[in-house]
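Keep the viewer open as you read.

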Amino acid sequence: MSRITHMVTFTLYAGKDTAESEVFLNESKQALAEIPGVEHFQVLRQVSVKNEFDYGFSMEFADQAAYDAYNDHPVHRQYVAERWEKEVSRFQEIDFMKHNGE
């Protein structure tokens with residue numbers, strides 16, 4: 001089975017580099033990185049002028065089953081309902097598996 005790299009880029013209603021955005025980023029990492037199966041969780045800040053989003057999260061999963069378990073985990077579902085849907089103004093998710101031969 002191939003590993004999955006899950007990334008999401010996003011912009012917050014609170015804006016970029018605000019006290020509120022820092023709280024969101026820190027509390028998100030605390031909540032999401034502790035969910036079983038999440039590996040290499042990173043909080044990223046956009047620096048390119050070519051991208052319209054301000055921040056990103058990146059994490060890895062051993063396989064599709066670990067990724068599915070993360071999506072269905074009660075902590076993740078609660079986080080999405082109580083934080084993500086209320087504080088994120090727009091986002092894009094990207095999920096990658098290594099190309100054959102890599």
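A search of the whole structure finds six salt bridges, a salt bridge being a side-chain nitrogen of Lys or Arg within 4 Å of a carboxyl oxygen of Asp or Glu. Before looking at some of them, please note that this is a predicted model, in which local features need pLDDT of at least 70 and side-chain atom pairs count only at pLDDT 80 or more, while totals for chains, interfaces and linings use all residues. Residues are numbered from 1 along each chain as its sequence is written, and side-chain values use heavy atoms, with hydrogens and water left out.

One of the salt bridges joins the side chains of Glu39 and Arg3, at 2.5 Å from N to O. Glu39 belongs to strand E2 (residues 39-45) and Arg3 to the segment before strand E1 (4-12), so this pair ties together parts that are 36 residues apart in sequence. Here and below, helices (H or I, at least four residues) and strands (E, at least two) are DSSP runs, numbered from the N terminus. Glu39 is partly exposed, with a relative accessible area of 28%, and Arg3 is partly exposed too, at 35%. On this scale, buried means under 20% relative accessible area, exposed over 50%, and partly exposed in between (1.4 Å probe, protein chains only).

Next, find Glu52 and Arg90, whose side chains meet in a salt bridge of 3.4 Å, N to O. Glu52 sits in the loop between E2 and strand E3 (55-61), and Arg90 in strand E4 (residues 88-97), so the pair ties together parts that are 38 residues apart in sequence. Glu52 counts as exposed at 52% relative accessibility, whereas Arg90 is partly exposed at 35%.

Now turn to the strands. Four of them form an open sheet in the order E2-E3-E1-E4, with antiparallel pairing; two strands pair if DSSP finds at least two bridges between them. E2 and E4 are the edge strands, each pairing on one side only. Neighbouring strands of this sheet are turned by 15° against each other on average, direction ignored. E2 and E3 pair in the antiparallel sense over five bridges, and the bridge partner of Gln42 in E3 is Ser58.

Helix H1 (residues 19-32) packs on the sheet, touching E1, E2, E3 and E4, and its direction makes about 5° with that of E3. H3 lies across E1, E3 and E4, running at about 120° to E4. Axes are lines fitted to C-alpha atoms, for helices over the stretch in contact, and angles run from 0 to 180 degrees between N-to-C directions.

Finally, helix H2 (residues 64-72) and helix H3 (residues 74-87) pack at about 50°, with their axes 5 Å apart. H2 and H3 are therefore oblique to each other: angles under 35 degrees count as roughly parallel, over 145 as roughly antiparallel, 65 to 115 as roughly perpendicular and the rest as oblique. Tyr70, Asn71 and Asp72 of H2 make the contact with Pro74, His76 and Arg77 of H3, contact meaning heavy atoms within 4.5 Å.
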